[in-house]
Amino acid sequence: MKEVTFGQYYPVESFVHKVDPRLKIVFLIAYITAIFLAKNFYGLAACAFVLVLTVAFSRVPILKVLRALRGIAVLILFTSVLNVFFYRGEGDPYFEWTVFAVYREGLIFSAFLVCRLVLLAMLSSMLTYTTTPVALCDGIESLLTPLKWIRFPVHAVSLIMSQALSMIPILSDETDRIKSAQMARGADFESGNPVKRVKAMIPILIPLLISAFRRAEELGEAMEARCYMGDKKRTKYKKLTFTWRDLIVFLLIAGLVTGVVLLRVYCGGVI
Amino acid sequence: MTITAEHLSYVYHPGSPFAAKALDDVSLTIEEGEFFGIIGHTGSGKSTFVKHLNGLIRLPSSQKHYKKPKAKKGMPSPVVPSLKVGEYDLSSRKTDFYGLRKKVGMVFQYPEAQLFAETVFEDVAFGLKNFERDMKEKETEAAVKAAIEVVGLDYAAVKDVSPFDLSGGQKRRVAIAGVIVTKPEILVLDEPAAGLDPLGKKEIMALLHRLHGDWCKTVVIVSHDMDEIAENCTRAAVFSEGKIVYALPPKELFLKADELFALGLDIPLTAKLRLALLKRGIETDCDFTVDSFVDAVLKKRGGAS
C-alpha cells in the first residue's frame, strides 16, 4: 500500500502548476479536440510542440511523463497491429497472407494513430501531475456551474468528490495499520489459492468498513456543528482568479486549435 | 530473547519528493526480562523502530533484489545495519518471519480497530489459529480462556458476545488478549493506554505487570506518559529525529530535565516535585516512582509515616 499515491500530483512550483485548474481542464479538452481534428502529421507536430512546451514549463521529469505511456502500452500495440495488418490501401501490398496484408497506407495510418494516442496520454497525465486533486475538484465544480440552471446539484456532487478524494489517503493509512496489526497476529495475505486469499482479506475489510462509517459520521457531525447548510450563499476560501499566465495559456490553446484547423484545410489528409 | 539493533536506518518513500528519514543509525539492545520504555514525540521514529521488531518493516538486506553496497576505494566501508531478535537474524532473507511474529507479539495504537470477528472468542482465537494450524479444539479453547481471563474479563460472559458491543476499555482488552493468546516471548505495545480514562490507564498498566514475567518475558512500551515510564520501566530510550538520544533507567534519565524539555518532552510529576524541592534547597534521592519519592521526602522530614 506504500506506493499508492492518489492521482500522481508532482509537487514542484512551476508555471504550469500555477495555471488556473479550470483553464487546464478546458485546455485538455481543446487539446483532445485538436488531436482529433488533425488530419496530417503537420497538425500532430503542432500538438507535439504544445506538449513539449507544457512539459518544459512544468518541471516534471520527462521520465515521469513517459511513464504515463505504460498504462496504455497494450492499447497502442493492439491498435497499431490491427491497423498494420487490416488496413486496405491501393496499389500492391508489401506482404500478404490469407486475410492479413500490409500496405504502405496501413503503415502510415497506424503510425499516425500511435502518435495520436501517445500525445493524448501524455498531455492528460500532465493535468494530474500539475494539479492537486482538490484544485481539480474546484475546477470541475466551477465548470459545472451552468448545470445549476437545470437543478443539477453541482455543489453536492463536488462536495462528495472532494470528500472522497480527501478520504483516500486516510483510508489507505488505515488499511496499512489494520493490515500490519493482522499480520502481527499471523495473518497471511500472500499465499494460498484465490479463494483463500479473498477470505484472508475479511479481517482487513470489516475493520476498515467500520472505521469508514465512523469517520463519515464524525465528519457529518463536525460539518453540522459548524452550521453547514449546503450551498446557500457559500463563499470560497481559495477563489479561482485568472492571471496573466492564464491569458498566455488561453492564447496558446486558441492558436493551436486554429493552427490545426488551417493545416487540415490546406495540407490535406495523412494519406 | 534479546533484541540487538545496530545502525538501523529507514527512509519512507526513498527517492521521491516525499522522502522522509524515519530512522537514522539507531543502535539499541533490549535484554530479556526488561520492561522497556520508548519515548519521543510524534514523528521521532519510535513507531518505525518498533515495526522492525517483528519484521513488518524489513531491513533492506532481508528483501529480494538486495544488492550489497560496494566498498569504494578511499571511502570508509559502508555500515551494515543489523537486527537480531533472539535467534532470529532479521537482516537475513532466510529468516522465518512467520515464526518470529509468533514470538514477538505486537499491540498497535488503538488496537480495538483490528477487531473483526463475530464473537470475542473468534477474534481472540484468530492469531492462535494462524500460528498453530493443528492445535486441537480443546487446547485452543483453553488458551483463549486463559488469555481472556488474564486481561481481566469474564470468559463465560463475553466469549459469545460481538466484540463491537463491548465498551471501549473492554474492546482494548479483547484486542490485547488476541495478541497475547499465543504467549509471545516479547510483547510490544504502542501507547497501550492512549485514549483511556485514568482508571482504564491504571488497569492496563496493572495488566502489563501481570503479563510481564510469567506470560511474556520482555515488555516494550511506546508511551508519551512520563509518569507511566517512571513508574513501570526498567529502562527507557528517548528518540528524537530518528536517533536515540538516551537509553537509561528512569532513575538517571529524569535527572536530565532540561535536556528532555529541549527535545519537546516532559518529565514525570515526581521529577517536577523533586526540582521544586531542589529550588528551595531540599535534595531528595529517589528513582522517580511515587513510592520511592514519598519515602525520600519523608526521610528528609526525619520521620517515618
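**Close-up views of a predicted two-chain model**

**View 1. The open sheet of chain B.** In chain B, four strands come together as an open sheet whose order is 2-1-4-5, and their pairing is antiparallel. The edges of this sheet are taken by strand 2 (20-30) and strand 5 (88-89) of chain B, and because each of them has a single partner strand, one side of each is left without a neighbour in the sheet. Strand 1 (residues 3-12) and strand 4 (residues 82-85) of chain B are joined in the antiparallel sense over four bridges. One residue pair to look for is Ala5(B) with its bridge partner Leu83(B), which belongs to strand 4 of chain B. As in every view described here, the model is predicted.

**View 2. The two domains of chain B and the contact between them.** The domain assignment divides chain B into domain 1 (3-267) and domain 2 (268-305), and the C-alpha centres of these two domains of chain B lie 33 Å apart. Their contact takes nine residues from domain 1 of chain B and 10 residues from domain 2 of chain B. On the side of domain 1 that touches domain 2, the elements of chain B that give two or more residues are helix 8 (226-232) and helix 9 (250-253), with helix 8 of chain B supplying the largest share, four residues.

**View 3. The nonpolar cores.** The largest nonpolar core has 84 residues, and those with the most contacts inside it are Val124(B), Val144(B), Ala147(B), Ala177(B), Ile180(B) and Val188(B). Domain 1 (3-267) and domain 2 (268-305) of chain B both give residues to this core, so it lies between them. If neighbours within four places in sequence are left aside, Val124(B) is in contact with Val144(B), Ala147(B), Ile148(B), Val174(B), Ala177(B), Gly178(B) and Val181(B). In soluble globular proteins, nonpolar side chains tend to be buried together.

**View 4. The side of chain A that touches chain B.** Where the two chains meet, 16 residues of chain A are in contact with 19 residues of chain B. Helix 8 (154-184) and helix 10 (202-225) of chain A are the elements that give two or more residues to the side of chain A that touches chain B, and the largest share, seven residues, comes from helix 8 of chain A. The residues on this side of chain A divide into 10 nonpolar, four polar and two charged.

Definitions and conventions:
Residues are numbered from 1 along each chain as its sequence is written. Chains are lettered from A and ligands numbered from 1 in the order in which they are written. This is a predicted model: local features need pLDDT of at least 70, side-chain atom pairs count only at pLDDT 80 or more; totals for chains, interfaces and linings use all residues. Two residues are in contact if their C-beta atoms, placed from the backbone, lie within 7 Å. Ala, Val, Leu, Ile, Met, Phe, Trp, Tyr, Cys and Pro count as nonpolar, Asp, Glu, Lys and Arg as charged, and the others, Gly among them, as polar. Domain bounds come from an automatic or database domain assignment. A nonpolar core is a set of buried Ala, Val, Leu, Ile, Met, Phe, Trp, Tyr and Cys residues joined through C-beta atoms within 7 Å. A residue is buried if 20 or more other C-beta atoms lie within 10 Å of its own, exposed if 12 or fewer, and partly exposed in between; C-beta atoms are placed from the backbone. Two strands pair if DSSP finds at least two bridges between them.
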